[in-house]
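Subject: Structure handover

Hello,

I am passing this structure on to you. Please look at it below; my notes on what was found follow.

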Amino acid sequence: MKNRRRSRQPSARSVPAEGDGAVVFDRLYRDHVDRIYRFAQRLCGQVEDAQDLVQDTFLNAYRGLEGFRGDAQVSTWLYRIAARACLRLRRKRKGEPARELSLDEFIPTSEGEFRLQLPTDGLSPEEALENKELKRALHQAIQKLPNKYRVVLVLRDMEGLTAKEVGTIMGLNERAVKSRLHRARLFVRRELSARGIGEPSRPSKAIQQG
Amino acid sequence: MSTRMTSAHSHHGHSKAQCIKVLRRLSAYLDDELSVSICKEIRKHMGACPNCEVFVTSLRQTISLCRCADVPSLSPAAKARLRREILRAIRSH
């Protein structure tokens with residue numbers, strides 16, 4: 001067991017924990033800043049907040065480099081630092097209590113609530129998202145999610161990580177990750193279904209009417 | 001509320017409880033995490049319940065939209081500025 005850990009460490013670790021600080025930082029920053037900025041934007045929704053989060057993440061990562069043992073991928077480690085920093089930042093700013101989402105609140109109560117009233121029929125998701133109003137509605141729905149659900153949805157459905165990886169980042173077991181993910185998806189679905197969004201060919205008209 | 005829900009399902013000839021059971025498993029169903037027999041059960045329910053069929057389509061669309069929603073990347077100038085600011089913060093400690 002001991003030998004296996006020893007032999008696994010050098011290949012898993014791609015950042016040296018010693019050496020010239022600037023060189024170590026530059027390598028970490030160069031290899032991961034685009035990914036962390038994308039993640040930060042998805043979490044925060046605002047450019048300035050996302051840039052603040054990138055700064056916090058790399059600063060904390062640099063300070064914690066010596067404690068990084070290489071038993072996780074560098075990207076997973078950075079995601080964890082960023083997710084924690086984001087949860088801390090938002091709690092501080094909003095002072096919001098942690099809200100739990102119950103499955104019961106997502107059970108449709110009328111026929112109209114079962115479908116999305118969205119201009120997505122016959123379109124690929126990429127084509128549908130060319131509709132700026134739809135893109136904005138999706139963005140707002142994700143931002144409206146309570147923090148702990150939003151982080152899981154962003155990691156799993158937007159960053160494309162596995163439930164196991166999300167669990168490692170969030171300190172949760174897979175079952176808890178899947179439970180939060182399901183509620184988060186149902187929340188976003190309901191937010192989208194509650195909005196009437198115009199056809200892609202008439203986005204400006206739809207916005208004026210909204 | 002329960003009256004409205006009941007009326008939304010009553011004409012499909014099954015109970016609300018069956019729909020709720022399906023709803024609870026939809027993410028696992030869409031992520032292909034369920035056994036063949038449970039998937040078959042869910043598909044059978046959806047065949048008999050147009051509302052749940054529509055619901056699963058809408059959840060699938062929601063997930064696809066999330067997966068495809070991109071965000072603007074960091075400009076080279078912003079990347080360089082952030083790097084300078086982080087290094088300054090590192091050196092000031």
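Leaving aside its neighbours within four places in sequence, which residues is A82(A) in contact with? The residues are I36(A), F39(A), A40(A), L53(A) and T57(A). Please keep in mind that this is a predicted model.

The core

A82(A) also belongs to the largest nonpolar core, which has 64 residues. Together with A40(A), V152(A) and L153(A), A82(A) touches the most other members of that core. Helix α2 of chain A, residues 21-44, contributes the largest share, nine residues. Both domains of chain A take part: at least three core residues come from domain 1 and at least three from domain 2.

The two domains of chain A

Domain 1 covers residues 2-94 of chain A, and domain 2 covers 103-209.

The contact between the chains

Chain A and chain B also meet, with 43 residues from chain A and 35 residues from chain B in the contact. Five helices of chain B each supply at least two residues to its side: α1 (2-10), α2 (16-24), α3 (26-30), α5 (50-68) and α6 (76-91). Of these, α5(B) gives the most, 13 residues. The side of chain B that touches chain A holds 22 nonpolar residues, along with seven polar and six charged ones.

Confidence

For chain A the mean pLDDT is 80, and 73% of its residues are at 70 or more. Residues 1-18 of chain A have pLDDT below 50, and the model gives this stretch 15 contacts beyond near neighbours in sequence. The pLDDT also stays under 50 over residues 200-210 of chain A, where there are 12 contacts beyond four places in sequence.

Regards

Conventions. Residues are numbered from 1 along each chain as its sequence is written. Chains are lettered from A and ligands numbered from 1 in the order in which they are written. This is a predicted model: local features need pLDDT of at least 70, side-chain atom pairs count only at pLDDT 80 or more; totals for chains, interfaces and linings use all residues. A nonpolar core is a set of buried Ala, Val, Leu, Ile, Met, Phe, Trp, Tyr and Cys residues joined through C-beta atoms within 7 Å. A residue is buried if 20 or more other C-beta atoms lie within 10 Å of its own, exposed if 12 or fewer, and partly exposed in between; C-beta atoms are placed from the backbone. Helices (H or I, at least four residues) and strands (E, at least two) are DSSP runs, numbered from the N terminus. Domain bounds come from an automatic or database domain assignment. Two residues are in contact if their C-beta atoms, placed from the backbone, lie within 7 Å. pLDDT is the predictor's confidence in each residue, from 0 to 100. Ala, Val, Leu, Ile, Met, Phe, Trp, Tyr, Cys and Pro count as nonpolar, Asp, Glu, Lys and Arg as charged, and the others, Gly among them, as polar.
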